[in-house]
Amino acid sequence: MTAIDARRSVPAGTAGPARKPRWTRDGFETRFFGIARWVVIGALLIVTAFPFYYMALLSIRDLGSVLNNPGALWTDVRHLNLSAYKRVLVSVSSGGEGFLGFMRNSAVLSFGTVALTLLVSIPGSYAISRLRFFGRRHISVLFLAVYLFPSIILAVPLFVFFTRVNMRGSLVAVLLVYVSQTVAVSIYMLRNYFDTIPVSLEEAAALDGCGRLGTMWRISLPLAMPAILANALFIFMVAWNEFLFALLFLADDRSRWTVSLGLSELTGNSIEIPTTVLMAASVVTTIPIIVLFFASERLLAGGLTAGAEKG
Amino acid sequence: MRRSEARAGIGLIAPTVVIVIAVVVLPIIWSISLSFQRVRLLTLHSAGFFGQYSLENFKLVFTSQGFVSTLLTTVAYSVLGTAASIALGLVAALALRRRFKARGLVRSIMLLPYVAPVVAATFVWQVMLSPQFGIVDYWGKRLFGWDKPVAFLSQQTSRVSIFGIHLGIPLALIMVILFEAWRQFPFAFLFLTARLQAIPGSLEEAAKVDGATVSQRFRYVVWPQLVPTIAVLSVLRFIWTFTKFDDIYLLTGGGAGTEVVSVRVYNFLTGNGDIGLASAQALVLAVVMAVPVGFYMWRFGRREERLS
């Protein structure tokens with residue numbers, strides 16, 4: 001075989017260009033899309049990354065130079081100016097904007113949402129995936145509907161209800177709302193994962209004398225850990241980024257603002273606060289999510305396709 | 001055995017069901033009741049489930065100034081935003097299909113707009129598009145030679161002359177649609193990438209052997225495989241874009257011809273403190289939304305019971 005190939009390739013190599021027309025559609029397309037592909041990748045990279053680069057850049061320049069030369073695409077390291085970050089982070093009483101406090105609120109809400117949602121959604125999704133009980137199908141449909149339903153429609157009655165019971169400014173109310181917003185998608189994602197775990201593993205455990213809860217705890221839960229982690233990251237991201245309910249519930253009391261709300265309230269009166277400070281605040285708001293995202297990119301990307309952020 | 005299984009199942013699912021009913025289902029029902037009552041934030045203490053029902057709020061919703069234009073804006077925003085984000089996601093998924101060095105990193109960077117907090121993303125856009133010291137305006141003046149500062153986000157229509165024809169384009173609306181495409185294309189990108197990976201390579205190889213060019217292989221082999229995913233994405237993105245609040249509220253505040261229905265609901269609620277009116281407007285939105293939601297659940301919910 002190799003001998004034949006070798007013999008054939010000699011004339012093909014010499015006579016090839018003469019026999020083949022130079023411009024075939026296939027050759028043209030292969031070359032065209034080969035180049036277009038890199039152009040597209042380059043353009044997409046600039047479009048997606050530049051705003052974040054620009055955000056970081058402005059946050060470390062000083063205001064005067066930004067106003068003098070707004071088009072600059074980089075800054076001299078010697079002119080590095082971190083005063084904006086100082087002003088953003090320190091508390092109001094020390095002349096800052098108090099973002100450390102906002103970050104604490106956001107962290108409490110986000111971790112609380114993750115813990116509470118997983119606490120109810122892990123057993124719930126296990127039940128929907130594994131156990132036969134009356135109403136299982138209806139509950140599945142209900143959760144899908146809740147997941148698809150837009151939050152602005154819920155905003156009015158929840159705003160009214162929590163105002164009525166005098167709980168509107170409390171973090172607990174917001175926590176409860178966040179859990180209700182994430183629990184449906186969480187069950188949805190975890191249920192799909194439990195469905196992929198073979199039942200035979202659990203049956204084996206049951207034969208060995210493991211009770212139902214024991215099986216769930218010792219067998220199913222460890223197997224579902226990747227999905228649970230991805231789910232936890234996803235919920236954290238949703239809670240950290242959430243804006244509408246924070247705005248409706250917490251806007252009145254500065255000590256309860258989350259980072260997103262704090263940033264939007266600051267930009268609202270941006271006449272008094274310099275752009276560089278606001279950009280530093282944007283960076284502070286974004287950094288935790290970016291760090292989390294790059295630290296767990298594979299997990300989170302999996303989590304993002306398993307479910308999707310409503311909005 | 002069967003009975004104990006049912007009992008365990010109900011026990012495990014009960015906490016979730018209680019939360020969903022208490023914080024989602026009951027509020028929706030109450031909202032329906034509120035939309036038929038004249039309730040304001042100041043008279044809230046007397047509001048309950050029962051009251052004097054009337055159709056007054058709905059009459060106000062339909063006859064109030066700007067109802068039609070808001071609806072049209074919302075439709076334009078959601079249709080074009082959905083289409084643009086899916087098209088961009090498709091282009092990105094195809095460009096990143098073949099393996100290359102640092103593809104993982106490029107992929108992660110492209111997801112940034114989607115995972116970043118919406119407040120920070122909208123704010124950096126505002127700064128970049130600012131007519132005073134925005135970088136877009138700065139380079140636009142130098143590279144494209146526009147002479148006056150362009151207020152991208154606060155100008156309802158912009159006069160543009162192309163080949164001597166003067167056109168008025170809805171500038172602010174175009175900007176919020178572009179923002180939507182920028183922020184949501186990674187979503188379509190992720191789903192389409194997952195779908196592309198599932199296409200068996202042998203199909204395309206066979207087409208290649210038969211002499212199909214790159215574009216023909218896409219048109220006749222890859223595209224038919226993607227259509228179902230694109231259909232799912234379209235319905236989902238349409239549902240969520242139609243009711244989107246954050247992006248437009250933060251970018252333009254609903255000004256300059258970008259007021260969408262959800263911003264209107266918010267303004268009725270907090271600006272006017274008119275709870276009945278806000279509920280009625282939200283209910284109208286919910287009824288409109290029930291069509292695509294129902295369609296999605298009927299078409300895709302049962303068969304696949306998953307999003308991908």
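Across the interface of chain A and chain B in this predicted model, the rule for salt bridges finds 0 of them.

Turning to chain B by itself, one finds a secondary structure of 12 helices and 2 strands. Read from the N terminus on, the elements of chain B follow the order α-α-α-α-α-α-β-β-α-α-α-α-α-α, with the strands placed between two runs of helices. Chain B has 308 residues, and 53% of them count as buried. Among the contacts in chain B with a separation of 6 or more, 62% are made by residues 24 or more positions apart. The accessible surface of chain B amounts to about 14,200 Å², and carbon and sulfur atoms account for 65% of that surface.

An unreviewed UniProt entry places the feature "transmembrane region" at six spans of chain B, namely residues 12-32, 75-96, 108-128, 162-182, 220-240 and 275-298. Two of these spans can be followed in the model. Residues 108-128 of chain B are 90% helix and 0% strand, and the C-alpha atoms at the ends of this span lie 23 Å apart. Over residues 275-298 of chain B, the chain is 100% helix and 0% strand, with 33 Å between the end C-alpha atoms.

Thr73(B) belongs to helix α3, which covers residues 67-95 of chain B. Is Thr73(B) buried or exposed? Its relative accessible area is 12%, and because buried means under 20%, Thr73(B) counts as buried. When its neighbours within four places in sequence are left aside, Thr73(B) is in contact with Leu173(B) as well as with Gly257(B), Thr258(B), Glu259(B) and Val260(B).

Phe144(B) is found elsewhere, in the loop between α6 (135-143) and β1 (158-162) of chain B. The relative accessible area of Phe144(B) is 66%, and because exposed means over 50%, this residue counts as exposed. Phe144(B) also takes part in a nonpolar surface patch of about 710 Å², which is made by residues of both chains: Tyr53(A), Leu73(A) and Trp74(A) together with Trp139(B), Leu143(B) and Phe144(B).

Key. Residues numbered from 1 in each chain as written. Chains lettered and ligands numbered in written order. Predicted model: local features only at pLDDT ≥ 70, side-chain atom pairs only at ≥ 80, totals over all residues. Heavy atoms only, no water. Patch = residues over 30% accessible without salt bridge, like charges linked within 9 Å, V, L, I, M, F, W, Y side chains within 5 Å. Areas by Shrake-Rupley, 256 points an atom, 1.4 Å probe, with all protein chains shown as cover. Salt bridge = Lys/Arg side-chain N within 4 Å of Asp/Glu carboxyl O. Helix = DSSP H or I, 4+ residues; strand = E, 2+ residues; numbered from the N terminus. Buried < 20%, exposed > 50% of the residue type's maximum accessible area, 1.4 Å probe, protein only. UniProt positions renumbered as here; feature names shortened; annotations may be inferred. Contact = heavy atoms within 4.5 Å.
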